[in-house]
Amino acid sequence: AACGAALRKGGRILIENVAGSDVFDSAARTIMLDARALAVQSTPLITRSGEILGMFSTHYVRAGTIPEGDLRWIDLLARQAADLIERRRADHAVRTSEERLRVAQTAANIGVFDWDIQSNVNTWSEELEKLYGLQPGTFEGTQAAWETLVHPQDREAAVKKVEEACRTGMPIEAEWRTIWPDGSIHW
């Protein structure tokens, strides 16, 4: 009953005397009193965007005013709990999205890379390594390593296309030949 009232209000409910409160029907009041819950506070766990995630309730064995210090601690715990729940949800959404992207890349036989230009670390997906004829996990991880995989006659144009994408921030479309470790040439 206190949680429902707090949800409807969208904020904390303080019940300093369960026995005299109209928030509880007779059955709920009896259950609370039998459990020796004579005072109650219920605080919604609210995300920073305003979504109510749940409730943080405390029950007291004495009726009366709930100490201000308790309420400050409850506010802190409720904020931390809401942030943690929201972070866990976001982490789950990212993991789900990454898994969907991985499945789509595998099904479409496309690869992706992440190139940190400052450190020159170039991380490739397994699909991209396969497109270059490499075993998963064997790409050396630098721009120079990629360039050696591009056919010498196409290398200059391929490098220019990558530079164009970096300079403009726009998608580019290009094709070039690659030389696989077995010496075969592929587009």
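I172 counts as partly exposed, at 30% relative accessibility; buried here means under 20% relative accessible area, exposed over 50%, and partly exposed in between, with a 1.4 Å probe and protein chains only. Welcome to a short tour of a predicted model, in which local features need pLDDT of at least 70, side-chain atom pairs count only at pLDDT 80 or more, and totals for chains, interfaces and linings use all residues. Residues are numbered from 1 along each chain as its sequence is written, and side-chain values use heavy atoms, with hydrogens and water left out. Helices (H or I, at least four residues) and strands (E, at least two) are DSSP runs, numbered from the N terminus.

**Around I172**

- I172 sits in the loop between α6 and β6 (178–179).
- Setting aside neighbours within four places in sequence, I172 is in contact with K161, V162, E164 and A165, where contact means heavy atoms within 4.5 Å.

**The three-stranded sheet**

- β1, β2 and β3 make an open sheet in the order β1-β2-β3, with antiparallel pairing; two strands pair if DSSP finds at least two bridges between them.
- The edges are taken by β1 (13–15) and β3 (52–60), each of which has a single partner strand, so one side of each lacks a neighbour in the sheet.
- On average, neighbouring strands of this sheet are turned by 15 degrees against each other, direction ignored; axes are lines fitted to C-alpha atoms, for helices over the stretch in contact, and angles run from 0 to 180 degrees between N-to-C directions.
- Three bridges link β1 to β2 in the antiparallel sense, and L14 has Q41 of β2 as its bridge partner.
- β2 (residues 39–46) and β3 also pair antiparallel, over eight bridges.
- Among the bridge partners in β3 are Y60 for A39 and I52 for I46.
- A hairpin is formed by β2 and β3, with five residues between them, and G50 in its turn has a positive phi of about 100 degrees.

- Helix α3 (residues 68–108) lies across β1, β2 and β3 and runs at about 35 degrees to β2.
- In helix α1 (residues 2–9), A2, A5 and A6 are buried.
- Viewed down the axis of α1, its buried residues fall within an arc of 100 degrees, so they line one face of the helix; the arc is that of the directions from the helix axis to the C-beta atoms.
- As background, an α-helix has 3.6 residues a turn, so residues three or four places apart point the same way.
- The buried residues of α1 pack against β1, β2 and β3.
- After α1 comes G10, which has a positive phi near 80 degrees.

**The largest pocket**

- The largest pocket has a volume of about 600 Å³.
- For the method, a 1 Å grid is laid over the protein atoms alone: a cavity is a set of points where a 1.4 Å probe fits but cannot get out, a pocket is an open set with protein on both sides within 12 Å along at least five of seven lines, and lining residues have an atom within 4 Å of a point.
- Grid points are joined across faces, edges and corners, and a volume is the space filled by probe spheres set on the points.
- The lining of the largest pocket holds 24 residues, of which G111, F113, L128, Y132 and W176 lie nearest its centre.
- At least two lining residues come from each of β5 (121–124), α4 (126–131), α5 (143–149) and α6 (152–168).
- α6 gives the most to this lining, with three residues.

**Loop residues worth a look**

- S125, in the loop between β5 and α4, counts as buried at 14% relative accessibility.
- Apart from neighbours within four places in sequence, S125 is in contact with Q105, G111 and V112.
- Most residues other than glycine have a negative phi, and most peptide bonds are trans.
- R36 is not a glycine, yet has a positive phi of about 65 degrees.
- R36 lies in the loop between α2 (26–34) and β2 and is exposed, with a relative accessible area of 55%.
- N109, also a residue other than glycine, has a positive phi near 55 degrees.
- N109 is found in the loop between α3 and β4 (113–116) and is partly exposed, at 47% relative accessible area.
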